[in-house]
Amino acid sequence: MGVEAEKIQRVASLLGRQPRGLEEIPVAADNGDPVVIRVASLVDDKPFPTLYWLVDPVLCYRIDQLEAAGMIKTFQQRFDADATLQARMREDHRIYIALRRGFMSPTVKARLSELGFEETLEKRGIGGIADFSRIRCFHTWYGAHLVKSNVVGEMLDDWWRGSPQSVVG
């Protein structure tokens with residue numbers, strides 16, 4: 001069971017190009033528009049460590065604005081100062097890796113191994129990041145959060161609700 005042609009075209013419209021490795025639309029708006037897409041971990045024999053992609057233009061723009069305002073640095077400082085947040089972030093990466101692994105068929109796993117990419121994907125978390133103590137990109141964190149809650153996504157939700165300290169305590 002694949003993604004319907006109409007949905008693929010809508011994703012292509014949102015991305016400005018044909019999607020590569022599109023496997024599912026796990027989050028959609030009330031009107032059916034894709035919000036988050038899930039892509040394959042192996043596309044054209046190349047690893048894709050980013051499992052979930054945020055494609056909703058309104059959310060992407062809101063996140064663009066936060067990133068442009070330097071909010072990644074602000075959030076990162078909070079993580080750097082709080083061992084509990086750091087532990088939650090590491091756990092979120094481990095959960096994401098397990099989710100990604102769970103979507104891979106035995107054939108894909110075997111091909112990743114043949115190509116020497118299996119270990120790479122086991123060491124790459126949300127957004128393909130290897131350093132589990134860094135945020136790097138809100139888009140990838142928030143896309144993943146909309147599928148399975150994570151600490152960075154919770155902090156973004158709190159920020160938008162006007163209570164930026166609530167996750168920290």
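The loop between β3 and β4 holds D45, and D44 lies in this loop between β3 (42-43) and β4 (46-47) as well. Helices (H or I, at least four residues) and strands (E, at least two) are DSSP runs, numbered from the N terminus. The model is predicted: local features need pLDDT of at least 70, side-chain atom pairs count only at pLDDT 80 or more, and totals for chains, interfaces and linings use all residues. Residues are numbered from 1 along each chain as its sequence is written, and side-chain values use heavy atoms, with hydrogens and water left out.

- D44, although not a glycine, has a positive phi of about 55°.
- D45, likewise not a glycine, has a positive phi of about 60°.
- Most residues other than glycine have a negative phi.
- D44 counts as exposed because its relative accessibility is 61%, whereas D45, with a relative accessible area of 33%, is partly exposed. Buried means under 20% relative accessible area, exposed over 50%, and partly exposed in between (1.4 Å probe, protein chains only).

**Sheet**
- Three strands form an open sheet in the order β1-β2-β5, with antiparallel pairing; two strands pair if DSSP finds at least two bridges between them.
- β1 (22-28) and β5 are the edge strands, each pairing on one side only.
- The twist from one strand to the next averages 30°.
- Three bridges join β2 and β5 in the antiparallel sense, and W53 in β5 is the bridge partner of I37.
- Helix α1 (residues 5-15) packs on the sheet and touches β1 and β2, its direction making about 100° with that of β2. Angles run from 0 to 180 degrees between N-to-C directions, and axes are lines fitted to C-alpha atoms, for helices over the stretch in contact.

**Nonpolar cores**
- The largest nonpolar core has 27 residues, of which F79, I135, F138 and V152 touch the most other members. Such a core is a set of buried Ala, Val, Leu, Ile, Met, Phe, Trp, Tyr and Cys residues joined through side-chain atoms within 4.5 Å.
- At least two residues of this core come from each of β2 (34-39), β5 (52-54), α2 (57-68), α3 (71-80), α4 (83-103), α7 (138-147) and α8 (151-161).
- Beyond its neighbours within four places in sequence, V152 is in contact (heavy atoms within 4.5 Å) with F75, F79, M89, I135, F138 and W141.

**Helix packing**
- α2 and α8 pack at an angle of about 90°, their axes 13 Å apart.
- The contact is made by R62, I63 and L66 of α2 and L156, W159 and W160 of α8.
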